[in-house]
Amino acid sequence: MTLDFGVVWARWPELLMGLGGTLFLAVSGMILALVIGVLGVAVRRSDSRIGSALVIAFVELIRNTPFLVQIFFIFFAMPLAGLRLNPTVTAIIALGVNGGAYAIEIIRGGVESIPTGQTEAGLALGLRQGEIFRKIILKPALRAVFPSLASQFILLTLTTSIATSISAFELTSVAQRIDGDTFRSFEVYFTITAMYLALSWFVMSLFALISRAAFTYPTR
């Protein structure tokens, strides 16, 4: 069998658009996951036993079920309750919910690593629990867990490929269409493998820049 990457090169604009779709899903999912993570930790640390129990149940449910089942549930089961979403929105919600469950546990570990003396100092200054969490605890906690959080979000970027199962527009769905048109499976999937590697490197480099800009201690 002769390899022919020319058929892939001829469809290169489509692959680039698919890569853009993957990046859009990944960034949107990361933002939603971070919001869920921070809010989930805040509720978990609150005085509400019901809220804390709901967060724990949410984390256990998401972490102990496959992502494919989660995205299928949102896409196919939610319309039965009257909520019909398009594939892209469904993928973003599923990625955000899945990533958020892991982010809750990662951020919670960072929060619990902060000495209790800082909380007591905030109380002594007359700050409320919410203000202490937001102004004193959150940033040092995120600094402590940022490498773990970044790794989880890189994994979330690669997880976007599963969104092709509900026909969301992203790189793998474009590759499947090109493969179906050309029957050049090796060339197509070899190419998108390289593109996913490049995307992972790009996201990793971006997180490194964010870490240096936001979480580096000032030096004199």
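Trainee: Fine. What is the average pLDDT of the chain?

Mentor: This is a predicted model, and its chain averages a pLDDT of 91. A score of at least 70 is reached by 98% of the residues.

Trainee: What does UniProt list for residues 19-210?

Mentor: The unreviewed UniProt entry gives them as "domain: ABC transmembrane type-1". In the model that span is 81% helix and 0% strand.

Trainee: On to the inside. How many residues are in the largest nonpolar core?

Mentor: The largest nonpolar core has 45 residues. Those with the most contacts inside it are Met 30, Ile 71, Ile 107, Val 111, Leu 149, Phe 153 and Phe 207.

Trainee: Which elements give two or more residues to this core?

Mentor: They are α2, α3 (49-63), α4 (67-77), α5 (87-112), α7 (129-159) and α9 (185-214). The largest share of this core comes from α7, with 13 residues.

Trainee: Let's look at one helix. Which residues of α4 are buried?

Mentor: In α4 the buried residues are Phe 67, Gln 70, Ile 71 and Ile 74.

Trainee: Why do they line one face of the helix?

Mentor: Looking down the axis of α4, its buried residues fall within an arc of 95 degrees, so they line one face. The cover over the buried residues of α4 includes α3, α5 and α7.

Trainee: Change of topic. Where is Ser 173, and is it buried or exposed?

Mentor: Ser 173 is in helix α8, residues 171-182. Its relative accessibility is 12%, so Ser 173 counts as buried, the cut-off being under 20%.

Trainee: What is Ser 173 in contact with?

Mentor: Leaving aside neighbours within four places in sequence, Ser 173 is in contact with Thr 164 and Ala 168. A polar atom of the Ser 173 side chain lies 3.2 Å from the backbone oxygen of Ala 168.

Trainee: What about Arg 11, buried or exposed?

Mentor: Arg 11 is buried, with a relative accessible area of 17%. It is found in the loop between α1 (6-10) and α2 (12-44).

Trainee: And which residues is Arg 11 in contact with?

Mentor: Again leaving aside neighbours within four places in sequence, Arg 11 is in contact with Ile 178, Asp 181 and Thr 182.

Trainee: Last topic, backbone angles. What is the phi of Ser 167?

Mentor: Ser 167 has a positive phi of about 70 degrees, although it is not a glycine. Ser 167 is in the loop between α7 and α8, and it is exposed, with a relative accessible area of 60%.

Trainee: What about Phe 183, where is that and what is its phi?

Mentor: Phe 183 sits in the loop between α8 and α9. Its phi is positive, about 60 degrees, although Phe 183 is not a glycine. Phe 183 is exposed, with a relative accessible area of 66%.

Terms used. Residues numbered from 1 in each chain as written. Predicted model: local features only at pLDDT ≥ 70, side-chain atom pairs only at ≥ 80, totals over all residues. Heavy atoms only, no water. Helix = DSSP H or I, 4+ residues; strand = E, 2+ residues; numbered from the N terminus. Buried < 20%, exposed > 50% of the residue type's maximum accessible area, 1.4 Å probe, protein only. Polar contact = N/O pair within 3.5 Å; in protein donor to acceptor, adjacent residues only side chain to side chain. Contact = heavy atoms within 4.5 Å. UniProt positions renumbered as here; feature names shortened; annotations may be inferred. Core = buried A, V, L, I, M, F, W, Y, C linked by side-chain atoms within 4.5 Å. Arc of directions from axis to C-beta. pLDDT = per-residue confidence, 0-100.
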